[in-house]
Amino acid sequence: GRGSTLCSRVGRRRVNPVVELWKEFLERESLRIEEAGDLLCRTLLKGKKVLIAGNGGSATQASHFAAELAGNFAGADNPQPAISLSSDTGLLTALSNDYGFSSIFFRQLRALSSPGDLFIALSTGGSSPNVIEAARYAKQSGVAVLSLLGAKPSPLESLSDITVRVPTVETPRIQEIHLYVLHTLAGFVEERVKRGNCEQAN
């Protein structure tokens with residue numbers, strides 16, 4: 001009836017731009033995702049660890065990705081050293097209370113990171129002071145930086161070894177694609193680190 005036709009039109013208006021966004025993202029960023037996978041793989045094969053941080057929805061994705069690496073991605077028994085800097089409520093509130101919210105991630109990096117580790121910065125807007133301060137500390141300390149961002153210009157670009165950008169400013173769309181990137185990176189780890197090299201499978 002007319003109701004279902006209207007719903008179909010509304011659905012297409014909402015879905016079509018998302019489909020186009022995914023096409024544009026994959027055309028522009030596929031190579032960078034591969035480069036990010038290589039960096040992640042090399043980090044883990046050297047016996048180094050991964051530290052991930054973000055705020056809000058990006059905080060939950062940081063925890064999710066750490067769980068994928070250290071836990072059980074796709075049923076694989078291949079645990080890797082990964083830590084979310086967004087998960088410890090007691091530590092986060094203590095650091096925020098004592099030193100300010102902008103310090104909550106870089107102070108954890110001071111305690112936990114070593115040269116050769118990898119810091120993954122998740123930021124949809126690219127302007128979070130606490131994530132930027134952590135990336136700045138990482139860059140100064142010999143820790144590699146991978147940033148997942150949206151379309152807005154960000155200081156994180158100049159602080160990162162690799163930047164993967166989603167070409168939109170819509171937070172929900174950015175988060176959806178960030179999750180895809182994180183799952184893809186976890187897949188790279190399963191395929192390559194288990195083989196003991198960073199080369200793509202033939």
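**Exercises on a predicted model**

Phe25 lies in helix 1 (residues 2–45). The structure is a predicted model.

**Exercise 1.** Determine whether Phe25 is buried or exposed, and which residues it contacts beyond its neighbours within four places in sequence.

*Solution.* The relative accessible area of Phe25 is 0%. Buried means under 20%, so Phe25 is buried. Leaving aside neighbours within four places in sequence, Phe25 is in contact with Ser30, Ile33, Val164, Arg165, Val166, Pro167, Ile177, Tyr180 and Val181.

**Exercise 2.** Locate Gln61 and classify its accessibility.

*Solution.* Gln61 is found in helix 2 (residues 57–70). Its relative accessible area is 9%; the limit for buried is under 20%, and therefore Gln61 is buried. Apart from neighbours within four places in sequence, the contacts of Gln61 are Leu122, Gln175, His178, Leu179 and Leu182.

**Exercise 3.** Check the span of helix 5 (residues 129–140) against expectation, then describe its buried residues and what follows the helix.

*Solution.* Helix 5 has 12 residues. The expected span is 1.5 Å times one less than the number of residues, so helix 5 should span 16 Å. Its end C-alpha atoms are 16 Å apart, which agrees. Within helix 5, Asn130, Val131, Ile132, Ala134, Ala135 and Ala138 are buried. The cover over these buried residues includes helix 4 (106–112), strand 3 (118–122), strand 4 (144–149) and helix 6 (156–159). After helix 5 comes Gly142, which has a positive phi, near 80°.

How values were computed: Residues numbered from 1 in each chain as written. Predicted model: local features only at pLDDT ≥ 70, side-chain atom pairs only at ≥ 80, totals over all residues. Heavy atoms only, no water. Helix = DSSP H or I, 4+ residues; strand = E, 2+ residues; numbered from the N terminus. Buried < 20%, exposed > 50% of the residue type's maximum accessible area, 1.4 Å probe, protein only. Contact = heavy atoms within 4.5 Å.
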